[in-house]
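Subject: Structure for you to look at

Hello,

Here is the structure I said I would pass on. Please open it first, then read my notes below.

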Amino acid sequence: MIFDVEYPEEVETERLVLGAMLTDENGAALILDALGPDDFHLSKHKLIFESAAAVREKGSGVDRVLVGMDLHNRGKLEAADGLTYLASLDDGLPRVYCLEGYISQLRRASILRRAIMAAQKLMGECAGPGASLDAVVQAGDFLQSLVGERAER
């Protein structure tokens with residue numbers, strides 16, 4: 001029996017974090033150092049984060065114009081919902097950022113999503129023909145790494 005599971009997501013928090021990243025230089029550094037693309041649930045948010053990281057890697061400051069140009073140059077602008085979406089990310093953004101709290105929320109949801117996916121994979125491997133206890137050991141190791149990841153952040 002496979003369970004239908006809703007993955008934890010923080011879509012509005014993702015928008016707030018990306019909006020802060022595109023409008024605040026200090027916030028961009030904090031966010032890019034604390035998160036990775038897989039911490040975002042929506043694929044368009046992953047693309048925007050990856051472009052911001054690429055812009056930063058080139059030694060530029062991160063803003064929506066440079067991120068938009070990077071997305072365009074890589075042929076990913078439409079997959080990220082275009083320039084209008086980039087410009088909308090700071091709509092309703094609070095004046096005082098609680099970035100550490102927002103980052104923590106995204107990390108929590110990301111770790112929970114990966115734990116659910118690992119549990120689903122384990123269920124499939126244990127239910128299949130020729131199932132091995134090695135799958136349980138591997139799943140345990142992966143889940144332990146998630147616990148370690150939580151402690152690091």
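The accessible surface of the chain comes to about 9100 Å². Carbon and sulfur atoms account for 54% of that surface. Please keep in mind that this is a predicted model.

The overall picture

The chain has 153 residues, and 35% of them count as buried. Its C-alpha trace spans about 55 × 30 × 30 Å along the principal axes. As for secondary structure, there are seven helices and zero strands, so the pattern along the sequence reads α-α-α-α-α-α-α. Take the contacts between residues at least 6 apart in sequence: 69% of these join residues at least 24 apart.

Helix α2 and helix α6

Two packed helices are described by the angle between their axes and the distance between the axes. What are these values for helix α2 and helix α6? Helix α2 covers residues 25–34 and helix α6 covers residues 99–127. Their axes come within 11 Å and cross at roughly 25°. Angles under 35 degrees count as roughly parallel, and α2 and α6 are therefore roughly parallel to each other. The crossing of α2 past α6 is right-handed.

Which residues meet in this contact? From α2 they are G27, L30, I31 and A34. From α6 they are L99, E100, I103 and R107. The residues of this contact divide into five nonpolar, one polar and two charged.

An α-helix has 3.6 residues a turn, so residues three or four places apart point the same way.

The buried side of the story for α2

Which residues of α2 are buried? They are G27, A28, I31, L32 and A34.

G140 lies in helix α7, which covers residues 134–152. Is G140 buried or partly exposed? Its relative accessibility is 36%. Buried means under 20% and exposed means over 50%, so G140 counts as partly exposed. G140 and L122 are 18 residues apart in sequence. In space, the distance between G140 and L122 is 9.7 Å, C-alpha to C-alpha.

Regards

Methods: Residues numbered from 1 in each chain as written. Predicted model: local features only at pLDDT ≥ 70, side-chain atom pairs only at ≥ 80, totals over all residues. Heavy atoms only, no water. Axes fitted to C-alpha atoms, helices over the stretch in contact; angles between N-to-C directions. Helix = DSSP H or I, 4+ residues; strand = E, 2+ residues; numbered from the N terminus. Parallel < 35°, antiparallel > 145°, perpendicular 65-115°, else oblique. Left-handed = near helix turned anticlockwise from the far one by under 90°. Contact = heavy atoms within 4.5 Å. Nonpolar A, V, L, I, M, F, W, Y, C, P; charged D, E, K, R; others polar. Buried < 20%, exposed > 50% of the residue type's maximum accessible area, 1.4 Å probe, protein only. Areas by Shrake-Rupley, 256 points an atom, 1.4 Å probe, with all protein chains shown as cover.
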